[in-house]
Amino acid sequence: MHVHSRRGFLATTLGAAWVGASMLERSVLRAAQARAQSRTELPTLFDIEKVADGVYAAIARGRAIINSNAVIFENANDLLIVDAHAAPSAVHALVAQIRREITQKPVRYVVTSHLHGDHTQGLPAYRSIAPKADIVACAKTRDLLTEVGPSRLKAAVEAVPRSIESFQQRLGAAKSAQEKAYYAEMIAQSRAFLEEMRDVTVELPNVTFTDHLAIHDKAHDLHLSFRGRGHTAGDIVVFCPQKKVIASGDLLHGFFPTIGDGYPRDWPATLRSMSELDFEHVAGGHGGVQHTRQRLGQLKAYFEELIDIAGRARQEGMPLDRLQQTITPATLKSLGGGYGDYLTGEVKRLDVRVHLNTPAEVMARGVRDNLSAVYRNFDRA
Ligand SMILES: [Zn+2]
């Protein structure tokens, strides 16, 4: 439908100009139109995999502007989809892929796990794809989106020209064909994002809850709950008891945690509360599906170790840069037993922004960012 509405766009808007154009001019216009059409063809941005019966994860492929995953719960007659990516075009691409690979059932609910743009900036697309769908979040996330959503969106778009400039500099200095192709692709994706986002505004959830909201579908029950602060002040999880799945947003996923907006000292208790749910499969906001519960305990232990280290450093008045010099991935017990390698492997596999970095660099940066965020947000009220 998207493609059809654009098909006649050129001839229609050009009107008299089209009628009066010479053969040569028309062929130039037609070529431009063909290029415009091929750009509107929807690329495959996700790999959809089955999590359990009637539950699917759409794992985001790496992009210059990172997209969240989506989790798709197939109800008896419709769909509940968790999270909405960085741009409306990603939602259009996902829904087209769902139609091709899973089902024609309509989207009935879109759940927003938290306010971040890589999970919410695509929401406006659902207003056109599924005008009657409810967009559901906890009240805190709606408040945050109302307060800071517009300025966050503006900042996200305004940061893109700077990153295009830095990609261009690195493209200029690139030695190998592989590096050149990589930076050229990052520039193309960033430009397309910038172009698309010019007129996009924040879409707010229209259904909110404080602690818990249950949806009783014929196919299964879906429990949406706020279990404490962590990645933000308003993260929620979606739990399906019959399928033993949680959609955990960015509270528990396959990448190093993002703590910049987070509450590091609340996060372990929130994970403990999540562990009370009887799940076997975890579909998080980033990285692959986890068919195990063990990552929850590993993440909790990682936080506890970072909190311990940052807390002692702060007590001793040690500045962050001094602390950073003493802590490396190898000094952290909680990254042992394969946990550090697991996180690094998931980032390397699915975050194209680190495509040219070595695993050791990815792990070192993950730890450095996490330690500084825990140190900085230690006493956050
Ligand atoms: Zn995210």
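**Exercise 1. Decide whether Asp 118 is buried or exposed.**

Solution. In this predicted model, Asp 118 has a relative accessible area of 16%. Buried means under 20% relative accessible area, exposed means over 50%, and partly exposed lies in between, with a 1.4 Å probe and protein chains only. Asp 118 is therefore buried, and His 119, at 0% relative accessibility, counts as buried too.

The model is predicted, so local features need pLDDT of at least 70 and side-chain atom pairs count only at pLDDT 80 or more, while totals for chains, interfaces and linings use all residues. Residues are numbered from 1 along each chain as its sequence is written, and side-chain values use heavy atoms, with hydrogens and water left out.

**Exercise 2. Find the protein donors of the zinc ion and classify its site.**

Solution. Donors are N, O and S atoms within 2.8 Å of the metal (3.2 Å for Na, K and Ca), and since water is not among the atoms, sites may look incomplete. The protein donors of the zinc ion are Asp 118 (OD), His 119 (NE2), Asp 250 (OD) and His 286 (NE2), which lie 2.1 to 2.4 Å from the ion. Along the sequence these donor residues follow the spacing D-H-x130-D-x35-H.

For the geometry, four donors count as tetrahedral if all angles lie between 85 and 135 degrees; four count as square planar and six as octahedral if opposite donors are over 155 degrees apart and all others between 65 and 115; anything else is irregular. The angles among the four donor atoms run from 83 to 170°, and the site is irregular.

**Exercise 3. Check the span of helix α11.**

Solution. Helices (H or I, at least four residues) and strands (E, at least two) are DSSP runs, numbered from the N terminus. The expected span of a helix is 1.5 Å times one less than its number of residues. For the 22 residues of α11 (residues 294-315) this gives 32 Å, and the end C-alpha atoms are 32 Å apart, which agrees. After α11 comes Gly 317, whose phi is positive, near 70°.
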